[in-house]
Amino acid sequence: MGEHDDTLELTLRGDVAPDEAKQVFDFMASRFAGRSYLLVTGDMSELGHVLAESRRVVMREARRVPQIRGLVYYRTSFGARVISELVVRAYAFATGADLPIHFAEDEAEARAWLAMRREQLAAAEQGRR
C-alpha cells in the first residue's frame, strides 16, 4: 500500500502466474472497496513473463475492483512495456475506463506522475459538480 489510500504499489518479480494475478485482484477488491477509483504504480525491473492465462484473469477480474484510473510503472524493460500496453488496452476496452499509462525512469518520477494524475481527477470531479 502506498502513502495515499487511492494507490496500489506493486513490485513484480518473475513470471506472473494466473493464481498470483487473481490474488492481486482479490486484494484490490477488498482493500479498495467503496472507492470510486484507484491508481497503480510499481517497479517492473524484475518482471518476467505475464502468462496468457494471467492476462485472461485480468480481463475476468477487472470488473470486481474500482476503476483503475492511472498506471505508472518504473524501471520497465521494452518487453514489459509492450505487454503492459496490451493488457491496459484490453482492460480499458473491457471496462470503458479512462486509463492512461506512463512509464517512468524511477520511483520519484512515478510519484510525480501520480500527483499530477490525482490533480487531473480532482479537477474533473470538480467540473462535474
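**A sheet and its helices**

Visitor: Which elements are included in what covers the buried residues of α2?

Guide: Helices (H or I, at least four residues) and strands (E, at least two) are DSSP runs, numbered from the N terminus. Buried means under 20% relative accessible area, exposed over 50% and partly exposed in between (1.4 Å probe, protein chains only). With contact taken as heavy atoms within 4.5 Å, the cover over the buried residues of α2 includes β1, α1, β2 and α3.

Visitor: What kind of model is this?

Guide: Residues are numbered from 1 along each chain as its sequence is written, and side-chain values use heavy atoms, with hydrogens and water left out. Local features need pLDDT of at least 70, side-chain atom pairs count only at pLDDT 80 or more, and totals for chains, interfaces and linings use all residues, since the model is predicted.

Visitor: What arc do the buried residues of α2 cover around the axis?

Guide: The buried residues of α2 are S54, V57, V58 and E61. They sit on the same side of α2, because their arc, taken from the directions from the helix axis to the C-beta atoms, is only 100 degrees.

Visitor: Which are the edge strands of the sheet?

Guide: Two strands pair if DSSP finds at least two bridges between them. Four strands form an open sheet in the order β1-β2-β3-β4, with parallel pairing. The strands that each pair on one side only are β1 and β4.

Visitor: How many of the eight residues of strand β3 are buried?

Guide: Strand β3 covers residues 67–74. The strand is largely enclosed by the rest of the structure, because the number of its residues that are buried is seven.

Visitor: How many bridges join β3 to strand β4?

Guide: On one side, β3 runs parallel to β2 (residues 37–50), with seven bridges; there L39 stands opposite G70 and V40 opposite L71. Strand β4 (residues 101–104) also runs parallel to β3, and Y73 stands opposite F103 there. The bridges between β3 and β4 number four.

Visitor: Which helix makes a right-handed β-α-β unit with β3 and β4?

Guide: A crossover is right-handed if, with the strands pointing away from the viewer, the path from the first strand over the helix to the second runs clockwise. β2, α2 (residues 52–61) and β3 make a unit of this hand. Between β3 and β4 the helix, residues 78–95, is α3.

Visitor: Which residues have the most contacts inside the largest nonpolar core?

Guide: A nonpolar core is a set of buried Ala, Val, Leu, Ile, Met, Phe, Trp, Tyr and Cys residues joined through side-chain atoms within 4.5 Å. The largest one has 29 residues, and those with the most contacts inside it are V40, L71 and L99.

Visitor: What is the relative accessibility of R117?

Guide: R117 is in helix α4 (residues 107–128). Leaving aside neighbours within four places in sequence, R117 is in contact with L39, R69, G70, D98 and P100. R117 counts as buried because its relative accessibility is 6%.
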